[in-house]
Amino acid sequence: MLNGGILRLLPGLAAGLAATMVFAHGDVVPQAVNTDTLPDVGEEWLTENPYRADKAGDEVWQQAIEIGASGYNQNCARCHGLGAVSGGLAPDVRYLEASEYGDEWYVERFQMGYTQDGITKMPAFGEILGQKAAWAIRTYVETRAEDGALDAHIDRLKEIRDQLAAGTVDNPAALRDELMVIASEAATASGAPVADSAARVAALQLTDEPASFKMAADTLTVGLSAAN
């Protein structure tokens, strides 16, 4: 039984797919995703994401996000938007709930694709990309922050970004801790417990090495730009 969030999402998903997938995919060939470092999940397709942190641990979860980001950007972003933020032409899949209900819908569509009146609107990715890639992409999508998730901290994040870009960081550990506190307040659109927001990614990138300052600053620049 689908809960309210899924019921609200399905009409938009169907309509968006019907209206836009043919233009987005046309002659586009699905791109393979390297999932060698992810744990095997067996041949039979699952109905629940095996790479969530509470099931697979934080390390596997983070790895799935990174692999899923690559897979999403190669195969899904043209329809569903960079960072899974839809521009309105296709469904915003961030709102597909991070639960078994959402997983069942997602994996069926991923495997089988979508066809209308004999025309393929969305390719069947299942046999091409495989189950590990499917769940990695799912993990990435469900950890996207909801719109405005970092709005309350925009000014401070800009200050941190500028400080990092200038290389004037006296205490990287303290700055990293502050970024993680900010990140902990960012909510996901899917209801997943942790948002892999720009603040969190920047915190993970930041070390005592000066080279990491620019990397974290660039991450915040992109994240702040997307927020605006």
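Which residue just after α5 takes a positive phi? That one is Gly113, with a phi of about 75 degrees.

Okay, some housekeeping before I go on. What you're looking at is a predicted model, where local features need pLDDT of at least 70 and side-chain atom pairs count only at pLDDT 80 or more, while totals for chains, interfaces and linings use all residues. Numbering starts from 1 along each chain as its sequence is written, and side-chain values use heavy atoms, with hydrogens and water left out.

Back to α5, then. Helices here are DSSP runs of H or I, at least four residues, numbered from the N terminus. α5 covers residues 100-112, and at 1.5 Å a residue its 13 residues should span 18 Å, which agrees with end C-alpha atoms 18 Å apart. The expected span is 1.5 Å times one less than the number of residues. Its buried residues are Gly102, Asp103, Trp105, Tyr106, Val107, Arg109 and Phe110; buried means under 20% relative accessible area, with a 1.4 Å probe and protein chains only.

Now, pockets. On a 1 Å grid over the protein atoms alone, a pocket is an open set of points where a 1.4 Å probe fits, with protein on both sides within 12 Å along at least five of seven lines, and lining residues have an atom within 4 Å of a point. Volume is the space filled by probe spheres set on the points, joined across faces, edges and corners.

The largest pocket holds about 780 Å³. It has 27 lining residues, and Gly83, Arg144, Ala198, Gly223 and Ala226 lie nearest its centre. Helices α3 (58-75), α10 (198-205) and α11 (210-227) each give that lining at least two residues.

The second largest pocket comes in at about 160 Å³. Among its lining residues are Arg52, Asp54, Trp61, Glu142 and Pro193. Here α2 (53-56) and α3 each supply at least two residues.

Last thing, the cysteines. How many disulfides does the count come to? Zero, if you call a disulfide a pair of cysteine sulfur atoms within 2.5 Å. Cys76 is in no disulfide, and the nearest cysteine sulfur, that of Cys79, is 8.4 Å away.

Key:
Buried means under 20% relative accessible area, exposed over 50%, partly exposed in between (1.4 Å probe, protein chains only).
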